[in-house]
Amino acid sequence: MGTDMRHTNFHVSDQQLLEAADGELSPRKMAKVRAHLAACWSCRARMRQIETTIVNFVQVHQRTSEGKVPPEGGSRSLFQARLAEAASSPEPAWRLSLLPLIHKRELALVGLALALVALTMFSLGILPRPDPQRSQQRNPAAPDPRLTPGMAQPLSKAELCSLGDQDSAPAVPRAVALKVFAAYGVSDPRPRAYELDYLIAPELGGTNDIRNLWPQPYRTLPWDAHAKDALEDHLHGLVCQGNLDLETAQEDIAKDWIAAYRKYFRTETPLPVHAVFLKDQPWE
Amino acid sequence: MDLVQPADSSARLSVRTEARSTPASNPSPLEAEVKLLFDELRVPVLRYLMTLGLSPPDADEVVQDVFLALFQHLRRGKPRSNLPGWVFRVAHNLALKRRHANRSGETVLADAGDAAGHLDAAPNPEEQAVQRQRQARLLAVVRALPEQDRCCLHLRAEGLRYREIAKVLGVSLGAVSLSLQRALARLTRADGY
């Protein structure tokens, strides 16, 4: 793919040749490339070079790891034991009757009222905008309730649960994302270091209003974006199975998602398996 | 539990008791499926994780966690489409996290000498020397590539399609195609064409 092989108006580009070699072209484009290759020695030679380079790279790729891959036996036995252990622990059968019922509704109403008051004060300018120094003082694993009180749209449980299983939240426009970062005193966010998180997840009715978005770092172990994603997914399941009412789920996650995690997973620290839970994509 | 809910509670109890007492001898179909995927994908995933700079023991631990997460994912009835792609995606994210925790941001690729130690039996020492030099050149080029290009290359070498690579890395399909083309162009030049 030297200078003499670059794309011209009359030849197939290197990128198209590679896509053709990898079977990534549409049938129509593939037919065109094939027809061109049948007629053009120059492009066929380039195609051959690409294939040769692939072969050479694959050999290097495989050989560099040879002798370094840990032996299969021990690794497999350990995995089998861990898998058997995981399989023998039944998933928690969450039932509404097992959840703390005392004052649940009252507590939730107080939480919502506080959030509304904070929101009103912020919008009226009574509460100051946080400066970066103040931002550093708060718990970075949790959103600033003045900036991110949580916003939800009035959807019914049936509407939310009919949306099906969504792997990730809708993308937030970049301009909105940068506003959110700026509000949190992050002027130059490092790609893939944060998840631009919906405090109330879309599958729980959360909206993409800026008051429902916050930059959640991946580095705030153990309460990081993976644990929050796992909680969102779990609450969605509880709501759709009829084991938790939507309003409570929204209020609990908006008020203090870490407390909600502890409450609904019945653990003080995130479950190890949630360290790799993946639902939403990192921001970049 | 990926078990069909039995009609009565006594039946449910018996299923769970059995699962607890003889898990190894009586694995559920789901366990068997995950084990099969583990056997099939362990080495490719390990190879990929090592290209991200993880040490072999770290990579091995990540692989274990990935497949346990896969088991939980399937047990909860989550989507089953393209499970190898899911495995690489989770492995990639977990590896970045581990790398960050280890504060070893630099990708450590194997030395050219390591690759040279595993050459095929060539007809004569001269050919072996040529092959060794070529591999050293290619390794140097790979090491100098931007991380995204390098990841695309290694994931493609492990058999992932462009769409799967895009999902693993969280980039567009066009970006994957461009990264691969750019990387191969550099490798081709280093290969003496």
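What percentage of the 193 residues of chain B count as buried? The share is 38%, where a residue is buried if 20 or more other C-beta atoms lie within 10 Å of its own, exposed if 12 or fewer, and partly exposed in between, with C-beta atoms placed from the backbone.

## Basis of the description

This is a predicted model, in which local features need pLDDT of at least 70 and side-chain atom pairs count only at pLDDT 80 or more, while totals for chains, interfaces and linings use all residues. Residues are numbered from 1 along each chain as its sequence is written, and chains are lettered from A and ligands numbered from 1 in the order in which they are written.

## Overall composition

Chain A holds 11 helices and two strands; helices (H or I, at least four residues) and strands (E, at least two) are DSSP runs, numbered from the N terminus. Its elements follow the order α-α-α-α-α-α-α-α-β-β-α-α-α from the N terminus on. Of the 284 residues of chain A, 32% count as buried. Among the contacts in chain A with a separation of 6 or more, 75% are between residues 24 or more positions apart; two residues are in contact if their C-beta atoms, placed from the backbone, lie within 7 Å.

Chain B has nine helices and zero strands, giving the pattern α-α-α-α-α-α-α-α-α along the sequence. In chain B, residues 24 or more positions apart supply 65% of the contacts with a separation of 6 or more.

## The strand pair of chain A

Strand β1 (residues 194-198) of chain A has five of its five residues buried, so it is largely enclosed by the rest of the structure. In a regular strand the side chains alternate between the two faces of the sheet. In β1(A), Tyr194(A), Leu196(A) and Tyr198(A) point one way, whereas Glu195(A) and Asp197(A) point the other way, and all are buried.

The partner of β1(A) is strand β2 (residues 213-217) of chain A, to which five bridges join it in an antiparallel arrangement; two strands pair if DSSP finds at least two bridges between them. Within this pairing, Glu195(A) stands opposite Gln216(A) in β2(A).

Asp188(A) lies in the loop between α8 (174-183) and β1 of chain A. Asp188(A) is exposed, with 6 other C-beta atoms within 10 Å. From C-alpha to C-alpha, Asp188(A) and Leu178(A) are 8.8 Å apart in space and 10 residues apart in sequence.

## Two helices of chain A

Helix α3(A) has 25 residues and reaches 37 Å from its first C-alpha to its last, close to the 36 Å expected at 1.5 Å a residue; the expected span is 1.5 Å times one less than the number of residues. Its buried residues include Cys43(A), Arg46(A), Ile50(A), Phe57(A), Val60(A) and Thr64(A). Just after α3(A), Gly67(A) takes a positive phi of about 85°.

Helix α9 (residues 225-240) of chain A has 16 residues and reaches 23 Å between its first and last C-alpha, close to the expected 22 Å. This helix is mostly covered, with 13 of its 16 residues buried. Gly242(A), with a positive phi near 80°, follows α9(A).

## The contact between the chains

The contact takes 46 residues from chain A and 60 residues from chain B. On the side of chain A that touches chain B, the elements that give two or more residues are α1 (14-21), α3 (41-65) and α4 (72-88) of chain A. Of these, α3(A) gives the most, with 11 residues. By class, this side of chain A has 21 nonpolar, 13 polar and 12 charged residues; Ala, Val, Leu, Ile, Met, Phe, Trp, Tyr, Cys and Pro count as nonpolar, Asp, Glu, Lys and Arg as charged, and the others, Gly among them, as polar.

Axes are lines fitted to C-alpha atoms, for helices over the stretch in contact, and angles run from 0 to 180 degrees between N-to-C directions. Asn56(A), Phe57(A), Val60(A) and Thr64(A) of α3(A) meet Arg134(B), Gln135(B), Leu138(B) and Leu139(B) of α6(B). These residues divide into four nonpolar, three polar and one charged.

## A helix pair within chain B

The axes of helix α8 (residues 162-169) and helix α9 (residues 173-190) of chain B come within 8 Å and cross at roughly 105°. That makes α8(B) roughly perpendicular to α9(B). Tyr162(B), Arg163(B), Ile165(B) and Ala166(B) in α8(B) meet Leu173(B), Val176(B) and Ser177(B) in α9(B), a contact of five nonpolar, one polar and one charged residues.

Conventions: Parallel < 35°, antiparallel > 145°, perpendicular 65-115°, else oblique.
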